[in-house]
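Me: Could you take me through one part of this model up close? I'd like the place where the two chains meet, and whatever sits around it.

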Protein chains: 2
Amino acid sequence: LAREAPDKPRATRYHGGVTEADFLAALRGLPLHPGAHDLRDDTATLGRYVLTTDTLVEGVHFLAGDSPADVAWKLLATNLSDLAAKGARPSGVLLNYPLDDDGWDRAFLAGFGDALTHFATPLLGGDTVSLPQGAPRILTLTAIGEDAPAPPRSGARPGDGLHVTGTIGDAGAGLAVAQGRDGPAALVERYRRPLPRLAEGRALAPLVHAMMDVSDGLLIDAARMAEASGLAVTIDLAAIPLSAALRAYAGDGAEARLAAATAGDDYELLLAAASGAALPVPVTRIGGFAAGSGLTLTFAGAPVPLPARLGYQHRG
Amino acid sequence: LAREAPDKPRATRYHGGVTEADFLAALRGLPLHPGAHDLRDDTATLGRYVLTTDTLVEGVHFLAGDSPADVAWKLLATNLSDLAAKGARPSGVLLNYPLDDDGWDRAFLAGFGDALTHFATPLLGGDTVSLPQGAPRILTLTAIGEDAPAPPRSGARPGDGLHVTGTIGDAGAGLAVAQGRDGPAALVERYRRPLPRLAEGRALAPLVHAMMDVSDGLLIDAARMAEASGLAVTIDLAAIPLSAALRAYAGDGAEARLAAATAGDDYELLLAAASGAALPVPVTRIGGFAAGSGLTLTFAGAPVPLPARLGYQHRG
């Protein structure tokens with residue numbers, strides 16, 4: 001298994017991937033808790049709690065030059081986004097932290113404190129370690145939530161609509177702007193400071209058939225929901241909600257919409273709900289489920305070929 | 001904060017240490033969950049669950065040449081030892097794993113599966129990541145237990161006896177043997193395959209005033225229990241239980257006993273209980289608590305100067 005070169009920050013989880021798939025298959029041969037859901041969901045269930053954990057690696061999920069406060073925010077926000085998709089209220093988090101240099105550590109803690117406060121999430125505990133000289137920072141956060149209706153990603157039904165909260169593609173464009181392209185600061189903010197949809201998740205969870213967060217890309221995540229549900233899904237590119245900032249930056253055509261739908265890091269909620277269901281928070285219907293399998297794209301009614309890359313996948 | 005050079009495998013936790021102490025003080029300024037116990041215990045409490053997490057770093061807590069199966073065993077065993085000290089039954093664990101090379105990964109998984117089976121502990125979930133080329137392996141395990149009487153480390157009372165399960169010093173000597181000194185394989189096994197005292201912990205927890213596991217060294221851990229309890233503790237070196245294998249290897253004098261009492265990695269239980277308390281599993285009384293503060297050592301009644309190093313501390 002080759003180690004990857006540093007690339008765009010992103011979440012990796014137990015889902016998909018060539019080498020990761022092998023590892024997952026082997027993990028499924030170990031003694032699993034029933035709440036592990038066969039390692040096929042983004043959270044585990046234990047009593048009234050749901051649990052999720054994510055590790056961020058310097059040079060893989062974030063860059064050495066990134067602001068420590070932004071890294072802290074993203075570490076918390078990406079975990080809380082998994083709780084949001086279950087409709088959970090955050091109970092607390094555990095932090096595994098590599099002590100490094102005083103300046104980075106203090107800036108990280110200040111940002112981490114701001115993020116905990118912002119999301120009303122307390123620290124439960126954790127662990128600190130020292131790293132060998134020159135080792136990249138590796139940070140792990142484990143988030144625990146409760147009172148979760150916990151809709152699975154596998155619960156979509158034929159005839160369900162596919163809906164998404166907020167707007168898609170801002171973070172992906174924000175990364176390009178952060179790396180030097182001309183563009184609005186609002187997009188960069190969406191990339192640096194994702195806002196997990198905790199309130200929306202709690203309101204939606206009791207009413208939907210399936211829900212997950214959009215972390216790796218709208219298309220790949222929708223395809224995963226369809227696959228887990230044993231259904232086909234169709235997405236109308238023209239229906240994908242784009243922010244005014246993104247439309248001004250990238251335009252409104254099929255190409256811009258494909259880029260938005262495959263960029264990832266949105267941390268919006270993707271959900272399947274019965275057609276006509278009255279949903280209590282604003283969502284945009286972008287497609288629907290039917291018997292069958294696979295992902296079909298259209299643009300205002302006309303079929304669109306699938307892009308080579310649906311999002312982040314196959315990368316351990 | 002200087003990064004440490006690779007050294008002996010050991011546990012690091014939120015306790016003590018110059019740089020770690022600064023970091024902990026800063027962490028205590030963040031929003032804490034009541035179950036965080038002000039970050040002064042080895043586990044957090046959430047509802048009926050107790051939680052603990054430990055990160056092992058290649059080159060710090062284990063060596064690149066160590067057997068992957070041993071690393072897996074130690075990763076699980078050291079976490080379960082924290083649950084044992086709370087009298088908890090393991091509910092499940094989360095694994096944060098860096099994918100690397102196929103051989104190491106498969107050997108790790110095989111050993112991890114054996115350890116999960118041995119300790120009747122199921123896998124709940126986790127995360128896999130890829131590391132940049134050349135990065136040391138960093139593994140995190142989070143263990144959750146339930147039905148825990150959860151005696152604190154701070155509950156010792158004046159007049160309590162200080163007791164320990166099993167024998168002390170085997171793992172420390174086993175490391176020396178593993179590194180090339182002549183000695184019995186039984187000691188190496190104690191080092192490579194620690195056995196957390198889960199059953200003993202569950203039996204003892206309802207009956208003791210304070211309990212913790214011995215991970216960093218008997219003396220430092222006893223001193224921590226005394227400090228947390230606001231008491232003085234006296235330990236009789238002559239009373240510390242040594243295995244026949246260790247006595248054959250290192251002798252039975254004060255020097256050998258001091259080495260055993262400061263070596264760490266024992267993963268025995270250290271507990272404070274009322275004098276005369278009927279304890280349901282074999283323990284050895286090695287000292288007692290009184291009003292005051294600090295650690296006093298004796299050897300068969302005569303005072304013994306404290307060694308410069310009580311165990312592993314101050315190292316992040």
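Reply: Across the interface of chain B and chain A there are 10 residue pairs in polar contact, both partners at pLDDT 80 or more; keep in mind that this is a predicted model. Salt bridges between the two chains come to zero. In terms of contacts, 71 residues of chain B meet 69 residues of chain A, and about 6,200 Å² is buried between them, with carbon and sulfur atoms giving 66% of that area.

On chain B's side, the elements that put in two or more residues are α1 (18-27), β1 (44-46), β2, β3, α3, β4 (123-130) and β5. The residues on that side split into 33 nonpolar, 23 polar and 15 charged.

For a closer look, take B:T53, which lies in strand β2 of chain B. Its side chain makes a polar contact with the side chain of A:N96, at 3.0 Å. A polar atom of the B:T53 side chain also lies 3.1 Å from the backbone oxygen of B:L141. B:T53 has a relative accessible area of 3%, so it counts as buried. Leaving out residues up to four places away in sequence, B:T53 touches A:L94, A:N96, A:G126 and A:D127 from chain A, along with B:N79, B:T140, B:L141 and B:T142 from chain B.

Now the nonpolar packing. The largest nonpolar core has 45 residues, and those with the most contacts inside it are A:L27, B:L76, B:L95, B:F108 and B:F112. Chain A's α1 (18-27) gives two or more residues to this core, as do β2 (49-57), α2 (68-84), β3 (89-99), α3 (102-118), β5 (138-146), α6 (198-204) and β9 (269-273) of chain B. The largest share, nine residues, comes from α2(B). Apart from this core lies another, of 44 residues, including A:L123, A:A143, B:F23 and B:L27.

A:D70 is buried at 15% relative accessibility, while A:R192 is partly exposed at 36%. In chain B, B:R28 and B:D38 meet in a salt bridge at 3.9 Å, N to O. Both lie in the loop between α1 and β1 of chain B, so here the parts tied together are 10 residues apart in sequence.

Technical notes
Residues numbered from 1 in each chain as written. Chains lettered and ligands numbered in written order. Predicted model: local features only at pLDDT ≥ 70, side-chain atom pairs only at ≥ 80, totals over all residues. Heavy atoms only, no water. Core = buried A, V, L, I, M, F, W, Y, C linked by side-chain atoms within 4.5 Å. Buried < 20%, exposed > 50% of the residue type's maximum accessible area, 1.4 Å probe, protein only. Helix = DSSP H or I, 4+ residues; strand = E, 2+ residues; numbered from the N terminus. Contact = heavy atoms within 4.5 Å. Buried area = accessible area lost by both parts, 1.4 Å probe. Salt bridge = Lys/Arg side-chain N within 4 Å of Asp/Glu carboxyl O. Polar contact = N/O pair within 3.5 Å; in protein donor to acceptor, adjacent residues only side chain to side chain. Nonpolar A, V, L, I, M, F, W, Y, C, P; charged D, E, K, R; others polar.
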